[in-house]
Each structure stands twice: as structure tokens, then as C-alpha cells.
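Please keep the sequence and the three-dimensional view at hand while reading.

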Amino acid sequence: MKNEPPKIDWDRLRELRDLFLQPEPITGPYWKSNRQLQDYDITLGERIGWKWDAVLEELKVRGWKPPSPSLTDMGCGTGVATRRMLRAFPGHFKKVTLWDHSEAAISYARQKLRHEFPDVRVICPSAPPHPKGVVLISHVLTELNDESAGEFLELMADAQAMLWVEPGTFETSRMLIEVREMLREEFKVVAPCTHQERCGILAQGNENHWCHHFANAPAKAHQDPFWGHFRKEMNLDVGPLAYSFLILEKEPELIAEGASHLIGKPMIMPKYVRVLSCQKEDVRELVAGRKTDGYRDLKQGVTPMLYRFELKKNRILSGKKVGEAAGTDH
Ligand SMILES: C[S@@+](CC[C@H](N)C(=O)[O-])C[C@H]1O[C@@H](n2cnc3c(N)ncnc32)[C@H](O)[C@@H]1O
């Protein structure tokens, strides 16, 4: 029998997306029903899941491991970030704490978690928790006003690690950079940066840049009629999806220190490729010619775009991907 595609209330979903896109902070809970949470979870939430998959893949390339078996999802919504994390590190997490100011969201997220991970203890406190293990924050920042953003950050004081993923827009990236600058004394920066200095995007001359990356949708989504329908109804691409992220940890093992992380998409010219590259010294444009070792990966934007470059001024002489060169990074 043919599998029926899930039925979605597209009008409701468009309304929800309009709410997310409006520039002012959102005051108070907005989830209206289980149906709405489910529609979100298999559409917009699933796309957020692809961003998390890209981030978690990069963390694995960097050799990162969660420093605690306890996980807290702040502003959990349907719990998509938590489920991606549990799938990426099977058996690692023993306890998950879900926090959201919407009770409907917590209840939905708990149900989904229990179903997929029956062995994990799920805790749903009645007041904002002070997490001591690993914290996830996903697509919450633009909903917070200054006061609640400050409160969120205060709650992080005892966390061992914080994984934060947001849309890859100019505004959100700049907000995350602000968070990075505020917390980089208390935490070490694991990613996207490969250094602990002030963010190079804040340097003079980089005013038009923002730190963002792209996550691919799984290949099968491009052939799936359900996602074709999504594209038409929501007027949204299935992928690649822009995201910004920030991974902080108190005592990490920093494997990619000194490497370069490319930002955005490579610009392909007839005879060379131009990339925006972030490293300890700066954020600046670099070029690689066709004969450059690593040119194909650079041109195709193979993710994660983490390299050890040999440079001559702004020319890349060779580029080795972090994690691939045997014996150098792992
Ligand atoms: C866009 S949804 C993202 C949900 C989920 N983290 C994800 O990535 O799919 C934002 C979530 O943050 C929650 N939220 C917003 N402001 C909050 C606050 N001050 N305290 C707790 N939760 C909040 C909302 O209720 C909503 O579930």
C-alpha cells in the first residue's frame, strides 16, 4: 500500500512562520494545539533538524564528545534538537531536561522523546532549570527580549557545554557573536571558531559580513513529493539552509585550533574560487586557483568547511580538510 503523505494545515503553518519572521520579540507562549506542534515538527522542525545534523557532523569531525550524560533543551519546542543530539550520540545521554514556557510544547516533546528513547529519563521542571551538563538552545534567540535573553544566559553559569543553533541571518549571527563575546571568558569557544580571540567579524572592514553556514537537506528530501508540496505551500526552499551556531565548553579538548573555518558559500569564478575565511588572525577573503591542492572541495563547498591552509598572502597554496589528513587532527 502507498504511504499517504502527512496532512498539514498549511494556513496555520504559514501564520506560525510569519510570527517567527516578525522582528519584535514574542511575549508568552503561542503553541495552540498538538496538531500545530506536529505540523511544525515534521516540516519547519525537520529542517531545523538538518541544521543540527550539520552542526553535529562538524563536531564529530572536530573530535568533540559531550562532556556530561545530562542534557537540557532550553526553549525545546517539539524537542527536535534533543532528538538529533540523542541520535548523534547513541546511549550517551541518561537524563534529558526539557524547558519551554509553553506547557503544550513540553508535553509534545516529552511524548516524542519517550517514544523514540524509552531508556532516557525525561525531566520537565515547573520553573527554568539551572543546567549543569550539556545545554541545547535552538531557534529561540529572536523570540527573547533583552531581559529574557539576559536571564537565559544567567541560567547557563553552571553548564559544562552549550550548543546553540539559530537561523543564518545577519541579525541572528550578530546576536550570537554578542553572546560569544560575553561568555568567552567563562567558556572556551569550540565552534564555529578555531581560536579564542575576539570575533574577527567585529573588525573594521567586516561590517557587511556575518557568520553563517549551510546545511544540506538529505538527498531523498529533494525527490520526496511531500517536500515538493512544502516548497510550494510555504514558498521556501528545502535546502541548503543557512544557519549560525555557537558551541561553548568549560574544559574542551580543542582539536581544530589554528585551522580556518570558511563562512557562507564559496564564490566560483571562471579560473579561481574566492572564499571568506575565519582564522585566529582575522576574517578575510582568500582565493584558490584550479591547481590548488584541495580546489575541488573548496569549489563544491564540501562541509564542514574546516581547513588547514598553506597561504601566500591571500592565495591558498594548499588546503587540507580537518579530520581527513591521517595523523594530523585525530
Ligand atoms: C521557534 S521555536 C523553536 C523550538 C525548538 N527549539 C526548535 O528548534 O525547533 C522557539 C521556542 O522557544 C520557546 N520560548 C520562547 N521564549 C521563551 C522563554 N522566554 N522561555 C522559555 N521558552 C521560550 C517557545 O515557546 C518555542 O517553543
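Helices (H or I, at least four residues) and strands (E, at least two) are DSSP runs, numbered from the N terminus. The model is predicted.

- Strand β1 covers residues 70-74, and five of its five residues are buried.
- The side chains of S70, T72 and M74 point one way from β1, while those of L71 and D73 point the other way.
- In a regular strand, side chains alternate between the two faces of the sheet.
- Strand β2, made of residues 95-99, pairs with β1 in the parallel sense, and five bridges link the two.
- Within β2, K95 is the bridge partner of S70.

- G79 belongs to the loop between β1 and α4, the latter being residues 80-88.
- G79 has a relative accessibility of 2% and therefore counts as buried, since buried means under 20%.
- G79 and G49 are 30 residues apart along the chain, and their C-alpha atoms are separated by 9.8 Å.

**Salt bridges**

- The whole structure contains 13 salt bridges.
- One of them joins R84 and E46, with the closest N and O atoms 3.3 Å apart.
- Because R84 lies in helix α4 and E46 in helix α3 (residues 44-61), this pair ties together parts that are 38 residues apart in sequence.
- R84 is buried at a relative accessible area of 7%, whereas E46 is partly exposed at 24%.
- R84 also meets D53 in a salt bridge, with an N to O distance of 3.1 Å.
- D53 likewise lies in helix α3, so its pairing with R84 in helix α4 ties together parts that are 31 residues apart in sequence.
- D53 counts as partly exposed, with 34% relative accessibility.
- A further salt bridge links R62 and E58, whose closest N and O atoms are 2.8 Å apart; both residues are buried.

**A positive patch on the surface**

- Four residues, K271, R290, R296 and K299, gather on the surface in a patch of positive charge.
- K299 is part of helix α10, which comprises residues 295-300.
- The relative accessible area of K299 is 36%, so this residue is partly exposed.

**Cis peptide bonds**

- A191 and P192 are joined by a cis peptide bond with omega of about 5°.
- P192 is located in the loop between β6 (188-191) and β7 (213-215).
- T303 and P304 are also joined by a cis peptide bond, here with omega of about -10°.
- P304 is located in the loop between α10 and β12, the latter being residues 306-312.

- N235 is not a glycine, yet its phi is positive at about 55°.
- The loop that holds N235 runs between α9 (225-234) and β8 (241-249).
- N235 is exposed, with a relative accessible area of 69%.
- K313, another residue other than glycine, has a positive phi near 50°.
- K313 occupies the loop between β12 and β13, the latter being residues 315-321.
- K313 counts as exposed because its relative accessibility is 74%, and exposed means over 50%.

Note on methods: Residues are numbered from 1 along each chain as its sequence is written. This is a predicted model: local features need pLDDT of at least 70, side-chain atom pairs count only at pLDDT 80 or more; totals for chains, interfaces and linings use all residues. Side-chain values use heavy atoms; hydrogens and water are left out. Patches are made of residues with over 30% relative accessible area and no salt bridge: like charges are joined within 9 Å, nonpolar side chains (Val, Leu, Ile, Met, Phe, Trp, Tyr) within 5 Å. Accessible areas come from the Shrake-Rupley method with a 1.4 Å probe; for residues, only the protein chains shown count as cover. A salt bridge is a side-chain nitrogen of Lys or Arg within 4 Å of a carboxyl oxygen of Asp or Glu. Lys and Arg count as positive and Asp and Glu as negative; His and the chain ends are not counted. The place of a charge is taken as NZ of Lys, CZ of Arg, CG of Asp or CD of Glu. Buried means under 20% relative accessible area, exposed over 50%, partly exposed in between (1.4 Å probe, protein chains only). Two strands pair if DSSP finds at least two bridges between them.
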